[in-house]
Protein chains: 2
Amino acid sequence: MLGLMRLVVIGGVAAGMSAAARARRVDRSLEILVLERGQHVSWAACGLPFYVSGRVASLDELILHTPDYFRRERNIDVRTGAEVVAIQPARRQVVLRGGERISYDKLVIACGARPVRELPGADLPHVFTLHTLEDARRLREFIEQRRPQRAVVVGAGYIGLEVADGLAERGLCVTVLDASPYILGRQGRELTEIVTRHLGARGIQFRLGTRVSAIQAEGVEGTPADLIVLATGVRPNVELAAEAGIELGRHGAIRVNERMETNLAGVYAAGDCAETVHVVTGAPVYIPLGTTANKMGRVAGANAAGRRERFPGVAGTLIVALRDLAVAMTGLSSTEARQAGFSPVSVRIEAPDRSRYMGSDPTWVELVADRNTTRLLGGSVIGKRGVPGRINVLAAAITAGMTTEQFAQLDLAYTPPVAPVWDPLLVAANQLRRALE
Amino acid sequence: MLGLMRLVVIGGVAAGMSAAARARRVDRSLEILVLERGQHVSWAACGLPFYVSGRVASLDELILHTPDYFRRERNIDVRTGAEVVAIQPARRQVVLRGGERISYDKLVIACGARPVRELPGADLPHVFTLHTLEDARRLREFIEQRRPQRAVVVGAGYIGLEVADGLAERGLCVTVLDASPYILGRQGRELTEIVTRHLGARGIQFRLGTRVSAIQAEGVEGTPADLIVLATGVRPNVELAAEAGIELGRHGAIRVNERMETNLAGVYAAGDCAETVHVVTGAPVYIPLGTTANKMGRVAGANAAGRRERFPGVAGTLIVALRDLAVAMTGLSSTEARQAGFSPVSVRIEAPDRSRYMGSDPTWVELVADRNTTRLLGGSVIGKRGVPGRINVLAAAITAGMTTEQFAQLDLAYTPPVAPVWDPLLVAANQLRRALE
């Protein structure tokens with residue numbers, strides 16, 4: 001190839017910077033330019049709730065690398081405050097606000113998502129979302145300067161729960177509202193009961209099954225509040241792509257193949273603006289998460305730089321770490337399994353997280369399998385300790401297509417201080433075997 | 001079938017009681033008799049080091065169920081102090097010390113193993129092993145009454161390390177001797193360095209590569225000691241079986257098939273007296289551990305009671321939990337992989353165990369894969385937190401036969417307080433991919 005190839009990346013957070021960094025590793029001569037609309041790149045969005053709670057002292061700690069670092073150490077050019085307002089595929093150019101045009105040979109679109117906030121009253125000064133560093137700065141400043149007493153969190157997803165826990169840690173009275181009778185978008189009464197009981201013991205109230213139609217100055221749906229956090233999910237930023245003729249998928253995010261290629265040659269998408277597939281069903285899903293963004297970005301960057309790598313999809317693994325309790329899920333719930341055409345059988349167990357004589361706490365495990373094949377499809381784990389590890393074992397097993405029998409025979413680690421002789425996963429698996437007989 | 005069938009189980013600890021309990025679940029009418037030589041059944045052998053250290057206050061806590069419990073709640077007859085001195089397969093009888101004969105229709109042999117102690121001086125009064133409740137009682141009594149200052153632990157296997165850590169916790173000066181230059185029987189310099197450095201910081205000294213030829217009243221191989229613990233491994237109790245014509249395997253333990261059947265019809269073996277196979281190599285192994293004993297016992301009991309279940313073997317998963325550091329391994333080491341005919345490629349990485357801004361500690365991961373197929377073969381994990389979970393993910397992956405590429409793409413849980421965006425397992429997997437290119 002003659003002359004320098006130029007890779008342009010739109011968006012400089014998880015997917016964008018992963019793509020840029022990976023492309024640089026693959027091709028040392030490629031010209032790489034990252035265009036970031038905001039003032040910072042490479043910051044840890046998933047850390048925002050812990051800045052709000054105070055566990056992370058300064059926002060600077062959430063900024064992993066500066067533009068300077070990328071220029072100096074990675075030979076990646078980063079422009080902050082650079083908002084792309086149009087992609088012109090025919091010219092292989094992007095247009096910045098202000099009119100500047102930048103040519104590309106390869107393009108990675110990683111412009112993320114934005115929080116849903118279309119609700120009457122959402123613009124009131126005591127209403128916040130938590131999606132950017134600026135959001136977090138404003139929210140904590142409000143808490144520290146205005147000393148609100150009563151908070152309402154709208155949305156019992158993972159961000160809503162983390163924020164609620166963090167606000168309670170700061171001494172606020174917190175109420176969580178959600179339109180669904182369940183938390184975390186998971187139709188499971190037991191999971192909702194365990195988590196709301198745990199947070200209830202910290203003074204957090206729940207009003208589940210409450211649809212919020214508007215926000216008032218004095219509160220939300222009759223619950224008084226000096227502070228309101230909207231955490232009702234995100235929408236992918238796809239307008240730029242759609243206007244450029246890039247196809248969207250069935251969930252409204254950018255459609256990509258396993259190489260992160262869009263329908264336009266040389267144009268890739270990754271992270272919260274793109275769909276991927278579910279490893280259990282093979283069907284398209286939109287599950288915007290930090291890990292996935294990093295992995296998709298890595299593959300997009302590698303391929304944009306000339307390799308042929310693939311991203312096989314996600315298992316839908318999600319974990320929420322509250323104080324003294326973590327809640328995690330992976331794969332399909334029973335409801336999702338039924339919708340995907342499986343015949344789900346599920347069990348729920350409670351078992352000690354280590355040998356009882358070492359002082360154990362309960363771990364709850366739910367497993368879902370298909371009746372016909374006994375293949376494991378998903379599950380959830382709740383407990384004080386060991387939750388990431390246990391959900392990850394399950395994620396590995398469902399990704400590998402393990403049967404319930406194979407899973408029940410896994411040679412898992414045992415030593416009294418940290419793991420019981422029958423791991424809760426195996427207790428659940430043995431019960432599932434009986435349920436499948 | 002006419003009349004009651006009788007299942008006799010020799011040995012009432014992990015494998016034996018699991019077999020009996022499982023047989024009862026399968027067949028409510030079966031007559032079940034457990035013959036245990038000692039005074040207790042169903043006790044937690046793996047908890048002994050924590051009784052010695054003082055973390056477990058009373059030996060009673062390690063006795064999970066009494067003979068009475070089994071009689072009353074499970075309809076299982078248990079005789080303690082009942083030593084079987086002969087098995088007579090032709091008559092389907094066992095002979096007790098004292099001459100009593102007991103007939104069986106099905107027999108499960110679960111008579112465990114015994115610590116190696118053939119060393120001149122091993123019978124001195126300040127020399128201990130740690131294999132039974134009585135061993136633990138004697139050792140702790142000696143410590144509390146005689147107040148020894150200097151201890152030598154012979155053997156740097158998992159029991160040796162746990163005992164050394166526990167004795168140091170009690171304030172003794174501890175030196176660990178092992179004939180090998182490595183700990184845990186694993187040929188890996190880095191693992192040995194990390195663990196000996198950690199225990200060294202607690203004042204535990206190591207003299208590795210030191211073969212112990214005899215024990216003197218004043219110490220071991222020049223290291224003075226008021227207390228000596230022998231932890232140089234175990235030998236399977238196979239004499240009864242061998243004299244009855246039951247075949248042994250290549251490691252000297254009882255040979256069984258995947259149904260836990262010996263070469264004699266109706267006679268099963270399980271636990272520390274029996275061999276099993278390795279799930280990676282398919283070859284026979286002798287890795288006596290509590291989890292394995294429970295699982296083998298469960299399968300033996302089910303089959304003795306008329307079901308057809310199989311035990312697929314072990315991955316060799318082992319974990320040692322020291323104070324503030326756990327060390328775990330699974331599958332094959334590089335050396336073992338080479339011996340098994342693979343072309344091993346291995347990597348070692350150090351990565352934070354959660355997001356750095358939440359206050360992380362290092363986790364070390366070693367992965368071994370086969371160069372030709374990129375299939376994962378084994379590895380080790382060392383760290384303060386999350387070690388059981390990480391080694392279990394690896395155990396699941398090698399059992400499923402995952403390739404390095406599949407493993408690197410696993411959708412593992414991420415949330416800053418408990419897990420980093422790139423899990424140390426994935427950091428290692430990505431490095432292994434590069435090493436395999």
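This is a predicted model: local features need pLDDT of at least 70, side-chain atom pairs count only at pLDDT 80 or more; totals for chains, interfaces and linings use all residues.
Reader: What makes chains A and B a pair related by a two-fold axis?

Author: Chain A is superposed on chain B by a rotation of 180° with 0.0 Å of shift along the axis, at an RMSD of 0.0 Å. That is the relation of a two-fold axis. In chain A, the C-alpha nearest this axis belongs to G389(A), 1.7 Å from it.

Reader: How do you know that the same surface serves both copies?

Author: Of the contact residues of chain A, 100% recur in chain B. The contact takes 49 residues from chain A and 49 residues from chain B, where a contact requires C-beta atoms within 7 Å.

Reader: Which elements of chain A give two or more residues to the side that touches chain B, and which gives the largest share?

Author: The elements are α8 (290-304), β21 (318-322), β22 (325-331) and α10 (387-400) of chain A. The largest share, 11 residues, comes from α10(A). By class, this side of chain A has 34 nonpolar, 12 polar and 3 charged residues.

Reader: How do you know that the span of helix α8 of chain B agrees with its number of residues?

Author: Helix α8 of chain B (residues 290-304) has 15 residues, which at 1.5 Å a residue should span 21 Å. Its end C-alpha atoms are 21 Å apart, and therefore the two values agree.

Reader: Why is α8(B) called mostly covered?

Author: A residue counts as buried if 20 or more other C-beta atoms lie within 10 Å of its own. In α8(B), 15 of its 15 residues are buried. Just after α8(B), G306(B) takes a positive phi of about 110°.

Reader: Which residues have the most contacts inside the largest nonpolar core?

Author: They are I109(A), A270(A), I109(B) and A270(B), in a core of 317 residues. Leaving aside residues up to four places away in sequence, I109(A) touches I10(A), A241(A), I254(A), V267(A), Y268(A), A269(A) and C273(A).

Reader: What makes β9 and β12 of chain A edge strands?

Author: The open sheet of 5 strands in chain A has the order β9-β16-β10-β11-β12, with parallel pairing. Strands β9 (127-128) and β12 (205-208) of chain A each pair on one side only and are its edge strands.

Reader: Why are β10 and β16 of chain A regarded as paired?

Author: Pairing requires at least two bridges.

Definitions and conventions:
Residues are numbered from 1 along each chain as its sequence is written. Chains are lettered from A and ligands numbered from 1 in the order in which they are written. Helices (H or I, at least four residues) and strands (E, at least two) are DSSP runs, numbered from the N terminus. The expected span of a helix is 1.5 Å times one less than its number of residues. A residue is buried if 20 or more other C-beta atoms lie within 10 Å of its own, exposed if 12 or fewer, and partly exposed in between; C-beta atoms are placed from the backbone. Two residues are in contact if their C-beta atoms, placed from the backbone, lie within 7 Å. Ala, Val, Leu, Ile, Met, Phe, Trp, Tyr, Cys and Pro count as nonpolar, Asp, Glu, Lys and Arg as charged, and the others, Gly among them, as polar. A nonpolar core is a set of buried Ala, Val, Leu, Ile, Met, Phe, Trp, Tyr and Cys residues joined through C-beta atoms within 7 Å. Copies are superposed by least squares on the C-alpha atoms of residues with pLDDT of at least 70 in both.
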